[in-house]
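Subject: The structure you asked about

Hi there,

Here is the structure I promised to send over.

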Amino acid sequence: MAPLIIPIFLPNVGCRDRCLFCNQKASAEGLLPPSSVRNFIEASLAGIPHNKKNREKQVAFYGGSFTATHRDNQVHYLEEVQPFLASGLIHSIRISTRPDALDEEVLSLLKEYGVKTVEIGTQSMIDEVLMLANRGHEAEDTISAASRLREWGFEVGLQLMISLPGDSFVRFLQTLDQVIDLKPDFVRIHPTLVLKGAPLEILWRAGRYSPLSLEEAIQWLKRGLLKLERSSIPMARIGLQPTKELERDFLAGPFHPALHQLVDSEIFFDMATSLLDLFDGKLEPIFFCHTTEISNMRGQRNGNIMRLREKFQLKDIFIQGREDVPKGSLVLQTQKGDISIHRGELRYSDRRIEGRGYLLNYNTQESM
Ligand code: SF4
């Protein structure tokens, strides 16, 4: 089970420059000083509901490049967590940082202070995309940081973004191939959003950048998620957490508070399409899926049902939950017996994958 995170946001801490997509501001006002960390953790622990008290608890320093800030500053923050680690109230620490700020000296410090998990702001493995995003590091920095972190026994998470300037669907898939080779413990993927105050806003207003639509982002993310699942790499999160700051600053892009669920629903739509392509039976098919996945199969506001009815000219569709259907599988009842597909068996062929454009086409022979 994933640990319960107590997040401490340190906006822009350690950042040398401003990334193209970032609108965080280094402000003393929003920054929790080390002296307030203890109170913050105590208040957070007190607010944990009773049924979650036994979960592993991790303090996470997010929001900047933790290990790129001055060593003394890192020590001040990490010191404040030590009494909680010693008492067992907190089990470990997580930090997020940039890949070129993880040398041996830094890793030694993190080990000494009980850091277990390091999330690397990778964003893309395409150097041109990193350069256009003003990241100030290259893909090679992620490769060497991930291997050093592994040698030192850290848990490694990679944060990726899709559709930054210069990115494309093909480049995203190439990025994932390289990411899979690094064998991270988990991955997060966020679509690029245009936020007020980010340098990207200027490009967007000048018509020099347009974000993906929500539908396009779902198609990219669906393929990315399935690719990672086939390599047994967990997806920690898809899309940014909805916060009041995001709501205030959001200008354009594929934001949705339940993006991961939309992606899962799209995968169910593809599985259902794949089964119905093989089925020339009645007008009211009956599907079975795991009980916990009925809403994914139905889609938001029954969207999948409506699309499938229209696509296959069906009178109605019935979906029933069954505990014995494995999660990620879909079963279609036919007169000749049940036919099923697991999401891992979906195969896609891309006819036009240059730039942003791509055309999805099933190969059901391959799927089944
Ligand atoms: S995206 Fe992260 S690394 Fe880049 S400027 Fe913002 S906080 Fe710093």
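The largest nonpolar core has 86 residues, and Phe287 and Leu330 touch the most other members. By nonpolar core I mean a set of buried Ala, Val, Leu, Ile, Met, Phe, Trp, Tyr and Cys residues joined through C-beta atoms within 7 Å; buried means that 20 or more other C-beta atoms lie within 10 Å of a residue's own, with C-beta atoms placed from the backbone. Helix H10 (residues 259–277) gives this core its largest share, nine residues. Both domain 1 (4–258) and domain 2 (263–345) contribute residues, so the core lies between them. In soluble globular proteins, nonpolar side chains tend to be buried together.

Leaving out residues up to four places away in sequence, Phe287 touches Ala272, Met297, Ile317, Phe318, Ile319, Leu330, Val331 and Leu332. Touching, or contact, means C-beta atoms, placed from the backbone, within 7 Å.

Before you go further, please note that this is a predicted model: local features need pLDDT of at least 70, side-chain atom pairs count only at pLDDT 80 or more, and totals for chains, interfaces and linings use all residues. Residue numbers start from 1 along each chain as its sequence is written.

Now the two domains, whose bounds come from an automatic or database domain assignment. Their centres, taken over C-alpha atoms, are 35 Å apart. Eight residues from domain 1 and five residues from domain 2 make the contact. On the domain 1 side, helix H8 (residues 214–230) supplies the largest share, seven residues. That side divides into five nonpolar, no polar and three charged residues. Here Ala, Val, Leu, Ile, Met, Phe, Trp, Tyr, Cys and Pro count as nonpolar, Asp, Glu, Lys and Arg as charged, and the others, Gly among them, as polar.

As for the chain as a whole, it has 13 helices and 15 strands (DSSP runs numbered from the N terminus: helices are H or I with at least four residues, strands E with at least two). Of its 368 residues, 37% count as buried. Residues 24 or more positions apart account for 75% of the contacts with a separation of 6 or more.

Which residues are around the ligand? They are Asn12, Cys15, Arg18, Cys19, Cys22, Gln24, Gly64, Ser65, Arg98 and Gly121, each with its C-beta atom, placed from the backbone, within 6 Å of the ligand. This shell divides into three nonpolar, five polar and two charged residues.

Best wishes

Technical notes:
A residue is buried if 20 or more other C-beta atoms lie within 10 Å of its own, exposed if 12 or fewer, and partly exposed in between; C-beta atoms are placed from the backbone. Two residues are in contact if their C-beta atoms, placed from the backbone, lie within 7 Å.
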